[in-house]
Structure formats: structure tokens, C-alpha cells
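Biologist: Please pick one part of this model and take me through it closely. I'd like to hear how it's built and what it packs against.

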Amino acid sequence: MKFRSYALPLCAASLLSACMTKIDAPSLLPRPVEATRPDDLPETPAPVAVDPAKTALAARLVAQAKTADAAFDKALPAGQRSGPQGSEAWIMAQSARSAAEIARTPTLDALTELDGAISAATDSGQDPQELVAARAEIQAIVDRQNQRIEALGG
């Protein structure tokens, strides 16, 4: 019986103490940013015009890729296929493949440099569209080169 006499006040005290404690929890009310409508948001500023140096860089890198592509075409004769591994045809195809890989290095370098220029232009708020177009042109060259190397097999 004594247990019952202490149980009720003990439960009441613990329940009331939970109500009195101040909890530092985040509010469930809408935040100020949630109260604004998308129409109320300020418009993003237009990107700054393309820097002429960036245009010249894009043109130089595309020219570099095209020059390297011509060297690639010379290093990788059309129609050359690989034969069984260890055969003379296979050895010749591997030699041509190595020469082509070396010849296309400036194309890959141009693509890498252009990626860095696009990133820098985007970070500085400039419009990278001209650089992106040049990158697409160089990427098309790289894709064609990849297909020709894969066609060698082995």
C-alpha cells in the first residue's frame, strides 16, 4: 500500500517536470525563405560577355585538335586490322595503334585544357557557351579516334 501512495505523486512530478523543461529545438514554423514565392525571388544576373582571350583559346585548341587529328590519320592507316595475337598483322596493328595514341595526345591535351577553361569561365561568371561548343567539336574528334583505335582490335 505504501508503494501506491508514493507512485501517484512520483508519476505526477515526473510528468510535470517534463513539461517545464525548455527544449532548444528548431521551430516548425516556416522559414523566411519558405515564405517567399518563386516570383518574388530576385532575377539572376546575366552572365558577363565572353572574354576575347577565351575565344582565341577555344580557336587555338580546336586548331590543335585538328592538327593532331591529321597526324592521327597518318599514323593509323585506313583499313588496317589486327590478326591473331602474335602474328605479323597483329604486331603491325599494335605498332600503328601506339603511333596513333602518341599522335592524338595533343587532341586529349586540348580537351583537358578546354575543360579547365570552361570551369574557370563558369566560376568567374562568364558565359562558357563558346568554350562548350569548342569542347563538343574536340570531343567529336576524340570519339572518332576512339572508334578507329577500337576497330584495330587486340
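Modeller: Let's go with H3: at 1.5 Å a residue its 24 residues should span 34 Å, and the end C-alpha atoms sit 35 Å apart, which agrees. The expected span here is 1.5 Å times one less than the number of residues. Helices are DSSP runs of H or I with at least four residues, numbered from the N terminus.

Some ground rules: this is a predicted model, where local features need pLDDT of at least 70 and side-chain atom pairs count only at pLDDT 80 or more, while totals for chains, interfaces and linings use all residues. Residues are numbered from 1 along each chain as its sequence is written, and side-chain values use heavy atoms, leaving out hydrogens and water.

H3 covers residues 52-75, and the protein has six helices and zero strands. Buried in H3 are Lys54, Leu57, Ala58, Leu61, Val62, Ala65, Ala68, Asp69 and Phe72; buried means under 20% relative accessible area, with a 1.4 Å probe and protein chains only.

Zoom in on alanine 68, which is buried at a relative accessible area of 4%. Skipping neighbours within four places in sequence, alanine 68 is in contact (heavy atoms within 4.5 Å) with Ala103, Pro106, Thr107 and Gln145.

Ala103 belongs to H4, where Ala93, Ala96, Arg97 and Ala100 are buried along with it. Looking down the axis of H4, those buried residues fall within an arc of 125°, so they line one face of the helix; the arc is taken from the directions from the helix axis to the C-beta atoms. On the other side of H4, Glu88 and Ile102 are exposed, meaning over 50% relative accessible area.

How values were computed
Helix = DSSP H or I, 4+ residues; strand = E, 2+ residues; numbered from the N terminus.
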